[in-house]
Amino acid sequence: MRFSEFGLTTLKEVPADAEIVSHKLMLRAGLIRRLASGLFTWMPLGLRVLRKVEAVVREEMNRAGALELLMPAVQPAELWQKTGRWDQYGPLLLRMHDRHQREFCFGPTHEEVITDVASRELRSYKQLPVNYYQIQTKFRDEIRPRFGVMRSREFIMKDAYSFDIDHDGLEVSYQKMHAAYSAIFERLGLEFRIVWADSGEIGGSKSQEFHVIADSGEDAIAYCDSSDFASNIETAPTFPGDGKRAAATKELEKIATPGVKTIADLCGLLGIEASQTIKTLIVEGDDGPVALVLRGDHELNAVKAQKLAGVASPLTMADDKTIREATGSAAGSLGPVDMDLPVYIDHAVGQLADFSCGANEEGFHYTGVNFGRDLAEPETVDLRNVVAGDPAPGGEGTLSIARGIEVGHIFQLGTKYSEALGATVQDQDGKDRVMEMGCYGIGITRIVGAAIEQNHDDNGIIWPAPLAPFDVVLVPINMHRSDAVRDAAEALYGELTDAGLEVLFDDRDVRPGVKFADAELIGIPHRLVVSERGLGAGELEYRHRRDEESRNLKREEALKLLKESTIS
């Protein structure tokens, strides 16, 4: 492809609305252009990358025995109403009416539709197992679209759905997808981790996420290098202590703490660490407010908390009026001593002695609080996010925390959707059996952004070879004023193209510095420079995008390197 015919426009300045590296570079390099909030046009360069991702995903899905189909993007409301998700999905669901005032939505996912397909097409256990997949546009009406394609409203997704006669069959289908996803991300050249996760609004009993590791990742991942444990921080467990709590050394004392509203305020006043304080949070419960008690330096895990008996789901913090009516005090002065509410105490709090907490009286706190004396011995629960250094499950080693970008998610759905929509087959005994389902999603557009977040430098994108829009950028210097350079470049372009390489031939009449800057920004793996000086020495200038320096190679040597590097 000749640069002059490609219609590529790059930008020198960082767009004002771009917050993260991938968003900035995708706009600057001309991969995407914004249409409206959370909506992007994929330009020719970006579409080439997108198609590379799709091709790898499609090949591995086909290799795993999945069958490709294409379902409608617009879905009738009655299917979602049957599963209960029409109301549960909330404002994320883009709803609409046709001319007859029938309700529809633009699909954010396709569990309902594929289950309807299966209920019509599958009649016998002999047709199972089966796994259908599609690569298609989805829409989720995010309240705050941001980060470019990382959290857009419209996106392209590969979603697959397996159907089996029983749970054992589902487990086999699930493991096939686990292996296929691993192969996909390995082939794309991305560093990733597979983590246990919460099933969220999709539902199901078993769930794992695939995360591309990047400092800008929205998700925190807990992992252990001493074992194979890795989990989204939402589901990584904490454990009760060893029971060796320190003995009490201080008397309970109530002290005035005017103006103290936060743990930081309390620590500053008393000259103590946050780990010697506790915080009490009031949340909505099924039958009234519930108190959740954590160490002052720990963070509440909403996913864990909302699964506790009596706690409302989704987790909702109580408002100021509710807190005052329930405790007689304001948030910031709360504590579990003499609190007349259901109280859940985190495991880590149960290990504390001589700690400080609110006195349930505005402007006052307790110091020297101890269990067994000022509070009953607690039955503790898991309420918090893990932190680096926490013990890993199984007792092998400790946890580390990394940032990740979720690009894939696999679920064991069980019969949640098949039962609601009557998707049954006859088993070997002629009896109707509700099919067991699995669900497997990959964010095609998100992978592109995640790859850039993981692979870039100050000058631009550094594409892993399988994702690169072109294999080689061919840069002739002053070809419009040198017949020798033009002829040599044209010959190289033809030879490389004939060899099966995808070449971007920068035939523009612009300064060399502009060409080099664009080549770095776009991030094509290999750069080959043709100049009069090089031709005089029988050499070409070669540089890999990850190299710090260029090197001069003989023509045949350069061609051999490129062919060996890019042709598998």
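## Basis of the description

The model is predicted: local features require pLDDT of at least 70, side-chain atom pairs count only at pLDDT 80 or more, and totals for chains, interfaces and linings use all residues. Residues are numbered from 1 along each chain as its sequence is written, and side-chain values use heavy atoms, with hydrogens and water left out.

Helices (H or I, at least four residues) and strands (E, at least two) are DSSP runs numbered from the N terminus. For accessibility, buried denotes under 20% relative accessible area, exposed over 50%, and partly exposed the range in between (1.4 Å probe, protein chains only).

The whole structure contains 43 salt bridges, each defined as a side-chain nitrogen of Lys or Arg within 4 Å of a carboxyl oxygen of Asp or Glu. One of them joins Arg48 to Glu502, with 3.2 Å between the closest N and O atoms. This pair links distant parts of the chain, 454 residues apart: Arg48 belongs to helix H3 (residues 44-63), while Glu502 is in the loop between helix H13 (483-498) and strand E27 (503-505). Arg48 is partly exposed, at 24% relative accessible area, and Glu502 is likewise partly exposed, at 27%.

A further salt bridge connects Arg193 and Asp225, whose closest N and O atoms are 3.7 Å apart. Arg193 is partly exposed, with a relative accessible area of 28%, whereas Asp225 is exposed at 62%.

## A salt-bridge network

Glu218 and Arg146 form a salt bridge with an N to O distance of 3.3 Å. Glu218 occupies the loop between strand E10 (206-213) and strand E11 (219-223), and Arg146 the loop between strand E7 (130-139) and strand E8 (154-164), so the pair ties together parts 72 residues apart in sequence. Both are partly exposed: Glu218 has a relative accessibility of 30%, and Arg146 has a relative accessible area of 26%.

This pair also belongs to a network of salt bridges, which links Glu142, Arg146, Arg151, Glu218 and Arg446.

## The surroundings of Ser119

Ser119 is a residue of helix H6 (residues 111-121) and is buried, at 17% relative accessibility. The Ser119 side chain reaches the backbone oxygen of Asp116 at 2.7 Å. When residues up to four places away in sequence are not counted, Ser119 touches Leu421, Gly422 and Ala423; contact here means heavy atoms within 4.5 Å.

## Strand E15 and its partners

Strand E15 (residues 290-295) is largely enclosed by the rest of the structure, because five of its six residues are buried. Strands are taken to pair if DSSP finds at least two bridges between them. Strand E14 (residues 278-283) pairs with E15 in the antiparallel sense over six bridges, and Lys279 stands opposite Leu294 in E15. The two strands, E14 and E15, form a hairpin with six residues between them, and Gly288 in the turn has a positive phi of about 125°.

E15 is also joined to strand E16 (residues 343-346) by three bridges, and these two strands run parallel. In this pairing, Ala291 stands opposite Val343 in E16.

Definitions and conventions
Polar contact = N/O pair within 3.5 Å; in protein donor to acceptor, adjacent residues only side chain to side chain.
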